[in-house]
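I opened my notebook to look up aromatic rings and the strands around them. My entries follow the display.

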Amino acid sequence: MYNKNSFLQSLVDIECVKFGDFILKSGQQSPIYIDLRNIVSYPELLTNLAFLLKEDINTSVQRICGVPYAALPIATMISTQTGLPMLIKRKEAKSYGTKKILEGIHTPGDKVVLIEDVITSGQSLMETIKVLEEEGLIIEQILVVMDREQGGMKKLTDLGYKVTALFSVSSLIDLLISEKKINIDTYNEVKIFLDSNHSNSPVPEQTKKYFPQSHQHPIGQRLLNIANTKKSNLIASVDLTSAQKIIKFLSIVGDDICAVKLHADIITDFSENFILELKSLSEKKQFLIIEDRKFADIGNTQLLQLSQGIYSIASWADMVTIHVIAGEASLKAIQDWDTVNKPALIPILEMSSKGALTDNDYIEKCKQFLYNYTDVIGAVCQSTALKTGFLKFTPGINLSAKEDNKGQNYNSPAFAIENLQSDFLIIGRGLYLSDNPKKEIDNYLSEVRKLDFFSEIK
Ligand code: 5BU
């Protein structure tokens with residue numbers, strides 16, 4: 001009864017989708033016109049749409065909110081079908097009385113599903129998200145009816161939101177051509193229009209991902225060798241504060257990881273002895289060591305932070321993370337540092353946390369110089385694509401959680417490999433807080449190995 005294909009066909013029948021020559025709000029010419037607002041005149045269709053959308057709502061969601069105005073009736077319908085309490089975001093705050101911009105009962109921390117009818121650039125969604133987040137609400141997921149494939153989905157995904165669309169323009173025209181509802185010329189015209197708008201492609205390309213085999217940097221190569229031998233691209237982020245607990249944890253999971261990532265400055269009893277033990281364990285169990293120091297200073301200070309002080313990072317870390325916010329010269333200073341003990345560099349291009357300021361503009365600026373430095377072996381990122389030969393490290397990986405309550409976003413290992421095209425998965429609390437880390441790491445490994453990731457030479 002609630003069939004996606006028949007719903008799509010009805011959209012054409014009631015002229016919510018039209019083909020011809022149209023000028024969009026942006027001034028752009030388009031061979032397809034989509035406006036779902038008239039659905040309100042067809043209660044049965046609206047009911048069907050609500051049924052289709054509600055299937056995808058996570059059980060963790062506590063509130064529903066439609067992006068004004070077009071998605072309000074859709075959200076209302078879902079609310080009545082599911083019993084999920086609704087919130088209404090006003091276009092502007094009331095100028096009298098309570099001056100509220102968000103109507104409906106809510107408390108900070110409530111998890112909300114946002115509903116949008118058509119996504120183009122994602123602008124209206126962003127405006128609604130901003131209001132809800134300012135009220136302390138958590139955007140648990142975003143459900144869109146139609147993706148115009150003009151960059152909005154990617155923009156929101158890049159920002160860390162979990163957004164899915166029931167239909168895309170591509171799926172719509174594929175169906176309509178197969179049902180002979182449009183002719184090949186119309187089909188091609190829309191395809192060309194979509195392709196020309198794909199410069200900021202809505203979804204990352206879904207090519208099959210294989211684990212890399214070779215690297216120009218000796219540390220990069222060692223990391224790849226270990227990972228290929230163990231068939232594990234897992235990096236344990238051991239954010240424990242006791243040296244003894246870190247060593248104990250690593251003796252349990254050490255055989256199954258290719259590297260450990262530390263924050264030396266949170267270890268309360270950090271000592272030379274700890275480093276000796278760590279080094280010896282890393283040789284015995286064969287894993288490398290990353291210090292997640294996130295340098296972010298001028299070149300001279302970074303060199304001091306690398307080589308001096310109680311941590312003397314360069315003397316033990318195989319790799320360090322670095323923000324290149326201070327610009328190219330800060331990276332060059334490390335590259336020019338002539339010393340035997342120099343960790344390989346992993347710049348941070350994109351962060352996993354909600355509202356991270358590492359937007360596309362920033363990432364592109366970093367990429368303009370990053371690839372020129374041989375000390376750089378890859379980067380920490382989420383959806384950003386890296387040049388071949390550079391390794392992609394992705395934190396925010398968890399098999400069961402979607403987020404923590406402090407701004408972290410999580411993806412599953414399979415999602416990171418298949419959709420984000422990550423080479424290395426960084427897992428923190430998902431492992432070290434587990435009651436049975438050995439069993440839990442097996443769960444992570446089996447999800448990775450299921451993908452045939454290690455089985456082919458690229
Ligand atoms: P978690 O417990 O899996 O959430 O730990 C993630 C680790 O990765 C933690 O040490 C963070 O400092 C680190 N991290 C991150 O979560 N997100 C980022 O964008 C970067 C680092 Br960069």
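Before I start: a residue counts as buried when its relative accessible area is under 20%. I also note that this is a predicted model.

Entry 1, a strand. I looked up β16, residues 424-427. Which of its side chains are buried? Phe424 and Ile426 on one side are, and so are Leu425 and Ile427 on the other. Both faces of β16 are therefore covered, because side chains in a regular strand alternate between the two faces of the sheet.

Entry 2, its partners. I checked β9 (residues 234-237) and found it parallel to β16, with 3 bridges. Leucine 234 faces leucine 425 there. I then checked β15 (residues 391-394), which also pairs with β16 in the parallel sense, over 2 bridges. Threonine 394 sits opposite leucine 425. From β15 the chain passes through helix α14 (residues 413-418) to β16, in a right-handed β-α-β crossover.

I searched the whole structure and got 11 aromatic pairs. One of them joins phenylalanine 211 and phenylalanine 454; it is tilted, with 4.8 Å centre to centre and 40° between the planes. How many residues apart are the two? They are 243 residues apart: phenylalanine 211 lies in the loop between α7 and α8, phenylalanine 454 in the segment after α16. Phenylalanine 211 has 0% relative accessibility, so it counts as buried. Phenylalanine 454 has 9%, so it is buried too.

Next I looked at phenylalanine 453 and phenylalanine 454. Their ring centres are 5.2 Å apart and their planes meet at 65°, so the pair is edge-to-face.

Phe211, Phe393, Phe424, Phe453 and Phe454 form one aromatic cluster.

Key:
Residues are numbered from 1 along each chain as its sequence is written. This is a predicted model: local features need pLDDT of at least 70, side-chain atom pairs count only at pLDDT 80 or more; totals for chains, interfaces and linings use all residues. Side-chain values use heavy atoms; hydrogens and water are left out. Rings of Phe, Tyr and Trp (its six-membered ring) pair if their centres lie within 6.5 Å; planes under 30 degrees apart count as stacked, over 60 as edge-to-face and the rest as tilted. Helices (H or I, at least four residues) and strands (E, at least two) are DSSP runs, numbered from the N terminus. Buried means under 20% relative accessible area, exposed over 50%, partly exposed in between (1.4 Å probe, protein chains only). Two strands pair if DSSP finds at least two bridges between them. A crossover is right-handed if, with the strands pointing away from the viewer, the path from the first strand over the helix to the second runs clockwise.
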